[in-house]
Amino acid sequence: QTVSGGGSVFGASCMQDGLVDVVVVHGALHLGQLNLRLAKPTRVCQARSVRVVVTREYPMHVDGQPWVQPPAVLNVQLRNKATMLKTALGEMAV
């Protein structure tokens, strides 16, 4: 969804909404800054499913696991839900 001028409209990130947040991290320094909450990732989109086409070897990092991805088509979507044992930051009941 976009607004006039080409800017994107994003909802708040929420573990229960069934949406995947796609973000870009611009290298190891940026990743370290994210871990220290000194920077924010570049938000690309929110979607129920995401298809990523990788045409050459490319470094990737998902959920704390780095690797070099060979050429492939990656399909990401919600499969199963699990009960969270800890309340997400910012979603605490008062």
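Author: Happy to; we can start with the whole model and then turn to single residues. This is a predicted model, in which local features need pLDDT of at least 70, side-chain atom pairs count only at pLDDT 80 or more, and totals for chains, interfaces and linings use all residues. Residues are numbered from 1 along each chain as its sequence is written, and side-chain values use heavy atoms, with hydrogens and water left out.

Reader: Thanks! How many helices and strands does the protein have?

Author: There are 1 helix and 6 strands. Helices (H or I, at least four residues) and strands (E, at least two) are DSSP runs, numbered from the N terminus. Read from the N terminus, the order is β-α-β-β-β-β-β.

Reader: And what is the average pLDDT?

Author: The average is 79, and 79% of the residues score at least 70. pLDDT is the predictor's confidence in each residue, from 0 to 100. Over residues 1-7 the pLDDT is below 50, and beyond near neighbours in sequence this stretch has 7 contacts in the model. Contact means heavy atoms within 4.5 Å.

Reader: Where is confidence lowest, and where is it highest?

Author: Strand 4 is lowest, with a mean of 81, while strand 6 (residues 72-77) is highest, at 90.

Reader: Speaking of strand 4, which way do strand 4 and strand 5 run?

Author: Strand 4 (residues 58-62) and strand 5 (residues 65-69) run antiparallel, joined by 5 bridges. Two strands pair if DSSP finds at least two bridges between them. Pro59, for one, has Val68 in strand 5 as its bridge partner.

Reader: What sits between those two strands?

Author: They form a hairpin with 2 residues between them, and Asp63 in the turn has a positive phi of about 50 degrees. Most residues other than glycine have a negative phi.

Reader: Which other residue has a positive phi, near 60 degrees?

Author: That would be Arg37, again a residue other than glycine. Arg37 is in the loop between helix 1 and strand 2 (42-47).

Reader: Is Arg37 buried or exposed?

Author: Arg37 is exposed, because its relative accessible area is 67%. Buried means under 20% relative accessible area, exposed over 50%, and partly exposed in between (1.4 Å probe, protein chains only).

Reader: OK, new topic: what about His30, buried or exposed?

Author: His30 is buried, as its relative accessible area is 10%. His30 belongs to helix 1 (residues 28-35). Not counting residues up to four places away in sequence, His30 touches Val24, Val25, Ala39, Lys40 and Pro41.

Reader: How much of the protein counts as buried?

Author: Of its 94 residues, 10% do.

Reader: Nice. Which residues does Arg56 touch?

Author: Leaving out residues up to four places away in sequence, Arg56 touches Gln69, Pro70 and Pro71. Arg56 lies in the loop between strand 3 (49-54) and strand 4, and counts as exposed because its relative accessibility is 53%.

Reader: Last one: what is Gln77 in contact with?

Author: Aside from neighbours within four places in sequence, Gln77 is in contact with Arg48 and Ser49. Gln77 lies in strand 6, and its C-alpha is 4.5 Å from that of Ser49, 28 residues apart along the chain. At 51% relative accessibility, Gln77 counts as exposed.
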